[in-house]
Amino acid sequence: MAQTTQNPVVQQKVIIPNKYGEKLVGILHETGSSEVIILCHGFRSSKEYNTMVNLAVSLENEGISAFRFDFAGNGESEGVFQYANYWREVDDLHAVIQHFSGANRVISAIIGHSKGGNVVLLYPAKYHDIHTVVNLSGRYDLNKGIEERVGKDFMQKIKEDGFIDVKTETGSVDYRVTEESLLERLSTNMHEACLKIDKECRVLTVHGSADQVIPVQDALEFAKIIPNHKLHVVEGADHGYTSHQAELVSVVLNFIKEALQQDKVTSS
């Protein structure tokens with residue numbers, strides 16, 4: 001009786017320079033598949049965030065290679081943390097995609113959580129080389145959600161001082177918001193960007209109905225304007241899918257596998 005031996009999965013650290021010469025550090029869950037799925041973390045987060053790890057491991061269990069990495073200024077990657085920075089993170093993602101494309105791998109999908117969800121939606125608005133995107137709890141209106149992090153009257157404060165230091169509960173500085181980074185966020189228009197996404201690019205938005213950080217209404221706005229869009233609301237889930245990881249992973253995996261199947265049909 002013939003035995004089938006599956007390639008053992010290897011988790012390896014990969015370092016990729018971005019266009020600014022900073023080293024981006026990531027973990028490749030290498031299954032030997034030609035396809036690679038790229039995972040993008042959210043604000044003040046990293047490649048070690050449980051949703052990133054759970055999705056990567058679930059993909060690897062399906063025989064699909066996955067790469068989770070730290071944006072510049074986060075986790076193990078080089079660079080200084082900057083508030084906002086959306087388009088610069090799009091450039092980081094582009095560097096990662098170019099790295100794997102250059103190694104003759106097929107980037108089958110990009111997945112992002114929270115701010116990473118914004119990055120993976122902005123990416124196909126600028127570059128048109130990815131045809132499957134998964135937005136997990138991204139924010140539609142970037143004018144919202146600022147006050148909760150940097151305090152009231154933030155425009156007045158930043159005009160007076162040029163920056164706002166966001167502090168931890170113990171009073172130490174967690175990170176600095178500069179006027180430039182705040183204005184970059186305010187000028188990043190998700191509505192305009194989403195209208196530039198090709199009809200051939202399939203997008204899945206997943207959002208928790210009990211998200212207290214970014215309201216589920218934002219997901220409904222994306223559903224209205226993205227041409228090739230599927231929406232899945234996870235009932236009762238919070239922003240981090242704390243008690244709903246299994247449903248999240250299942251929904252994303254099904255979407256990815258379906259997309260891979262469609263790609264095989266169209267390429268054959």
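A charge sits over a ring if NZ of Lys or CZ of Arg is within 6 Å of the ring centre and within 35 degrees of the ring normal. This is a predicted model, in which local features need pLDDT of at least 70 and side-chain atom pairs count only at pLDDT 80 or more, while totals for chains, interfaces and linings use all residues. Residues are numbered from 1 along each chain as its sequence is written, and side-chain values use heavy atoms, with hydrogens and water left out.

Q: What places Lys115 over the face of Tyr86?
A: Lys115 lies at 5.0 Å from the ring centre of Tyr86, and the limit for a charge over a ring is 6 Å. Arg88 lies over the face of Tyr20 in this way too, at 3.7 Å from the ring centre.

Q: Why is Cys194 called buried?
A: Buried means under 20% relative accessible area, exposed over 50%, and partly exposed in between (1.4 Å probe, protein chains only). Cys194 has 0%, so the label is buried. Cys201 has 1% and is therefore buried as well.

Q: Why is Gly236 called partly exposed?
A: Its relative accessible area is 44%, which lies between the 20% and 50% limits. Gly236 is in the loop between strand E10 and helix H9; helices (H or I, at least four residues) and strands (E, at least two) are DSSP runs, numbered from the N terminus. Leaving aside neighbours within four places in sequence, Gly236 is in contact (heavy atoms within 4.5 Å) with Ser209, Ala210 and His244.

Q: Why is the pair of Phe67 and Phe69 called stacked?
A: Rings of Phe, Tyr and Trp (its six-membered ring) pair if their centres lie within 6.5 Å; planes under 30 degrees apart count as stacked, over 60 as edge-to-face and the rest as tilted. The structure holds ten aromatic pairs. In the pair of Phe67 and Phe69 the centres are 6.0 Å apart and the planes are at 10°, so the pair is stacked. Phe67 is buried, at 1%, and Phe69 is buried, at 1%.

Q: How do you know that the length of helix H9 is close to the expected one?
A: The expected span of a helix is 1.5 Å times one less than its number of residues. H9 (residues 245–267) has 23 residues and reaches 33 Å from its first C-alpha to its last, close to the 33 Å expected. Its buried residues include Leu248, Val252 and Phe255. Among the elements that cover the buried residues of H9 are strand E3 (35–40) and helix H1 (50–61).
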